[in-house]
Amino acid sequence: PKSDTLFDLEFLEQTISFRINPDFETTRKINELLSKRKGGKSTTARRGYHKKSSSATELSMGNAVDLSSSCSKFSEKLKRAAAHEKSESKTGIVRLSDVLSHGETCEPGVFQEINLCTTFEKVIDKLWNLWELVVTGQPLMILSDTPADSSNAILGLISLMSPLYYAGDYRPYFTIFDPDFKEYQKIHDSQEFKSALLGGTNPFFSKTLKSWPSFLYLGKDGPPTNTGLFSGLKLPSFSSNRDLLQSSIKSWSIIPPKDLLTRVIQSNNGVTPESDVIRNSLIRKKFRQMTNDFIKPFEDYFHLNLDYLQYSPYSNPPSFKHFDEYEFMMSVNTLYAKDFAFYPYVNSKARCLRLYHAFIRSPNFTMFFTHRRQGARLEAQEKMRSAKTNFKIERAIENMGYSQMRKLEEKVD
């Protein structure tokens with residue numbers, strides 16, 4: 001039967017299982033429903049329904065309908081959601097921070113559930129430099145205190161470049177016992193670095209891979225000093241937050257937005273779970289917009305003019321524009337500061353061109369361009385197939401000129 005109780009259970013199941021982003025009124029309803037299920041008398045008991053056992057509920061209204069299986073399944077889903085997402089507190093109330101964080105997983109890209117603010121709290125102003133390193137495929141080593149911290153940092157950086165995908169090698173937790181450790185030592189000694197993101201906790205990496213192009217230190221103690229294990233090494237003195245990111249790149253191309261940094265850093269005082277999620281959403285939105293503006297000049301290479309399909313779908317289809325690096329760089333040079341969406345993010349034209357040059361030479365570009373070109377080709381083929389299926393010869397004849405009509409008559413004859 002279409003009872004309110006059954007509707008409420010279905011509504012609650014959908015909200016938690018499918019991660020719907022409810023408004024304020026819906027959030028209040030979820031909290032009320034969860035409180036009723038956790039409290040003394042349930043909604044079913046107040047409506048005259050009786051409980052047969054702790055795992056099954058039977059609905060008695062006219063003809064008795066056994067809802068034990070559906071309620072049992074729902075209870076199991078609710079328990080799994082609570083255990084996995086930790087969205088229920090001890091009182092059974094859904095926290096606002098969990099409701100807000102569910103929205104991040106709906107965005108395109110991988111590892112969107114990583115909270116960037118808590119992971120990179122010490123170097124929040126360096127995220128733009130890290131984005132530049134990851135997008136251009138530069139080697140980076142991250143050292144932190146725990147495997148969880150290093151893993152979150154590596155996966156968080158990969159998620160930072162969404163909707164682009166990282167095509168290099170990434171190891172969220174890399175140790176000296178890894179089978180590929182010797183291989184990376186050879187790469188380090190030969191100075192033939194490849195695109196790689198390595199995360200670890202062992203400060204020994206600072207000795208064995210001391211010439212690695214970029215290091216990021218997220219541990220409580222910061223970078224290593226000239227004591228203990230590193231007493232025999234000539235290491236620089238690290239005294240400020242700037243030294244947490246050591247890179248061979250001395251001049252960065254991206255300008256961090258001061259207004260956003262001010263809002264994020266100021267709100268760090270007295271952080272609550274809700275404000276933490278909001279800060280993370282602001283940063284992710286900014287980087288997602290910046291990445292989309294960065295790849296916007298490549299859109300011409302994934303577009304086909306298919307206007308001819310409505311008149312002559314059987315004609316030879318056009319081909320995609322061939323990509324030439326020199327021609328593309330010249331177009332960026334022309335568009336700069338005129339009709340260029342990425343212009344507000346960069347320091348100068350020269351650094352902007354250098355950033356695009358590094359991106360084109362990285363494996364990230366090959367994956368991006370191949371994936372987008374393949375998707376555009378499949379979309380064009382589908383439109384061609386649809387145009388041929390729905391083509392009307394009468395419409396084509398009506399739009400023909402006199403010369404075209406004469407040619408058609410000659411072919412028919």
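The largest nonpolar core of this predicted model comprises 78 residues, a nonpolar core being a set of buried Ala, Val, Leu, Ile, Met, Phe, Trp, Tyr and Cys residues joined through side-chain atoms within 4.5 Å. The residues with the most contacts inside this core are Phe-120, Trp-131, Phe-298, Phe-342 and Tyr-356. Buried denotes a relative accessible area under 20%, exposed one over 50%, and partly exposed a value in between, with a 1.4 Å probe and protein chains only. In soluble globular proteins, nonpolar side chains tend to be buried together.

The model is predicted, with pLDDT of at least 70 needed for local features and 80 or more for side-chain atom pairs, while totals for chains, interfaces and linings use all residues. Residues are numbered from 1 along each chain as its sequence is written, and side-chain values use heavy atoms, leaving out hydrogens and water.

**Chain overview**

The protein chain contains 17 helices and eight strands; these are DSSP runs numbered from the N terminus, with helices (H or I) of at least four residues and strands (E) of at least two. Of its 413 residues, 40% count as buried. The chain exposes about 24000 Å², of which carbon and sulfur atoms supply 52%; accessible areas come from the Shrake-Rupley method with a 1.4 Å probe, and for residues only the protein chains shown count as cover. Among contacts (heavy atoms within 4.5 Å) between residues at least 6 apart in sequence, 70% join residues at least 24 apart.

Among the buried residues of H7 are Trp-128, Leu-130 and Trp-131. Just after H7, Gly-137 adopts a positive phi of about 75 degrees.

Helix H8 spans residues 147-160 and reaches 20 Å from its first C-alpha to its last, close to the 20 Å expected at 1.5 Å a residue; the expected span is 1.5 Å times one less than the number of residues. Of the 14 residues of H8, 10 are buried, including Ala-153, Gly-156 and Leu-157. The cover over these buried residues includes helix H7 (127-135), helix H6 (116-119), helix H12 (273-295) and strands S4 (140-143), S5 (169-171) and S6 (196-200).

**Individual residues**

| Residue | Relative accessible area | Class |
|---|---|---|
| Cys-117 | 1% | buried |
| Cys-352 | 0% | buried |
| His-188 | 6% | buried |
| Leu-282 | 28% | partly exposed |

The structure holds zero disulfides, a disulfide being a pair of cysteine sulfur atoms within 2.5 Å.

His-188 belongs to helix H9 (residues 181-190). A polar atom of the His-188 side chain lies 3.5 Å from the backbone oxygen of Thr-208. Beyond four places in sequence, His-188 also touches residues including Phe-193, Leu-209 and Trp-212.

Leu-282 is located in helix H12. Apart from neighbours within four places in sequence, Leu-282 is in contact with Leu-260 and Arg-263. The C-alpha atoms of Leu-282 and Arg-263 are 9.6 Å apart, and the two residues are separated by 19 residues in sequence.

Note on methods
Polar contact = N/O pair within 3.5 Å; in protein donor to acceptor, adjacent residues only side chain to side chain.
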